[in-house]
Amino acid sequence: MKIEHVAIWVNDLESMCAFYAQYFKGTANRLYRNTEKQFESYFITFENGARLEVMRQKGIQDKMTTPITGYAHIAFSVGSKENVDQLTETLKAAGYPVLNGPRITGDGYYESVVSDPEGNQIEITI
């Protein structure tokens, strides 16, 4: 069994799609639109076949700013410590907040945590 895809609600569909395609080497499909439900989405496919769906629908509210139960972050493995460092610096230079790291965690992972354009946390790891 494998996870088929993960989906996130977004406000700016085009910029979020471009962010994940540019920085994480994803390829977006064509925009899917359901006018009756006022729903739109892109599937972004990554090199290993994993997919992320970015979605927008009229009436979906912004998330709360305090921690709540539910999904916490999405993690991308970039293959090496050097790649973690490089991508973290690239995102930092582009103005995206680095929330943590790069560092070795207590359980031995080498990672950094950054925010995407809408504040969703992304873990960049080996």
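In which strand is the place of Ala7? The first legend answers this; each legend describes a close-up of a predicted model.

**Close-up 1. Ala7 and its partners across the chain.** Ala7 has its place in strand β1, which covers residues 6-9. With 35% relative accessibility, Ala7 counts as partly exposed. Neighbours within four places in sequence set aside, Ala7 is in contact with Glu53 and Met55. Val54 is 47 residues from Ala7 along the chain, yet their C-alpha atoms are separated by 5.8 Å.

**Close-up 2. The ring pair of Tyr23 and Tyr96.** A search of the whole structure gives eleven aromatic pairs. In the pair of Tyr23 and Tyr96, the ring centres are 5.7 Å apart and the planes stand at 75°, so the pair is edge-to-face. An edge-to-face pair needs planes over 60 degrees apart. Tyr23 belongs to helix α1 (residues 13-24), while Tyr96 sits in the loop between α2 (81-93) and β7 (98-104). The pair therefore ties together parts 73 residues apart in sequence. Tyr23 has 14% relative accessibility and counts as buried.

**Close-up 3. The ring pair of Phe46 and Phe76.** These two rings are also an edge-to-face pair, with 5.1 Å from centre to centre and 70° between the planes. Phe46 lies in the loop between β4 (39-45) and β5 (51-57), and Phe76 in strand β6 (residues 74-77). The pair thus ties together parts that are 30 residues apart in sequence. Both Phe46 and Phe76 are buried.

**Close-up 4. The aromatic cluster.** Ring pairs link Phe19, Tyr20, Tyr23, Phe24, Phe46, Phe76 and Tyr96. Both of the pairs shown above, Tyr23 with Tyr96 and Phe46 with Phe76, have their residues in this cluster.

**Close-up 5. The crossing of α1 and α2.** The two helix axes come within 11 Å and cross at roughly 140°. That angle makes α1 oblique to α2. An angle over 145 degrees would be needed for roughly antiparallel. The crossing of α1 and α2 is right-handed. From α1, the contact is made by Phe19, Tyr23 and Phe24; from α2, by Leu87, Thr90 and Leu91.

**Close-up 6. A charge over a ring.** Arg51 lies over the face of Phe43. The distance from the ring centre is 4.0 Å.

**Close-up 7. Gly49 in the loop between β4 and β5.** This loop holds Gly49. It also holds Phe46. Gly49 is partly exposed, at 39% relative accessible area. Phe46, in contrast, is buried.

**Close-up 8. Backbone exceptions.** Most residues other than glycine have a negative phi, and most peptide bonds are trans. The peptide bond from Gly101 to Pro102 is cis, with omega near 5°. Pro102 has its place in strand β7. Lys25 has a positive phi, near 60°. Lys25 lies in the loop between α1 and β2 (27-28). Its relative accessible area is 57%, so Lys25 is exposed. Phi of Gln38 is positive too, near 55°. Gln38 is placed in the loop between β3 (32-34) and β4. Gln38 is partly exposed, with a relative accessible area of 44%.

Notes:
Residues numbered from 1 in each chain as written. Predicted model: local features only at pLDDT ≥ 70, side-chain atom pairs only at ≥ 80, totals over all residues. Heavy atoms only, no water. Phe/Tyr/Trp six-rings, centres within 6.5 Å; stacked < 30°, edge-to-face > 60°. Helix = DSSP H or I, 4+ residues; strand = E, 2+ residues; numbered from the N terminus. Buried < 20%, exposed > 50% of the residue type's maximum accessible area, 1.4 Å probe, protein only. Lys NZ or Arg CZ within 6 Å of the ring centre and 35° of its normal. Axes fitted to C-alpha atoms, helices over the stretch in contact; angles between N-to-C directions. Parallel < 35°, antiparallel > 145°, perpendicular 65-115°, else oblique. Left-handed = near helix turned anticlockwise from the far one by under 90°. Contact = heavy atoms within 4.5 Å.
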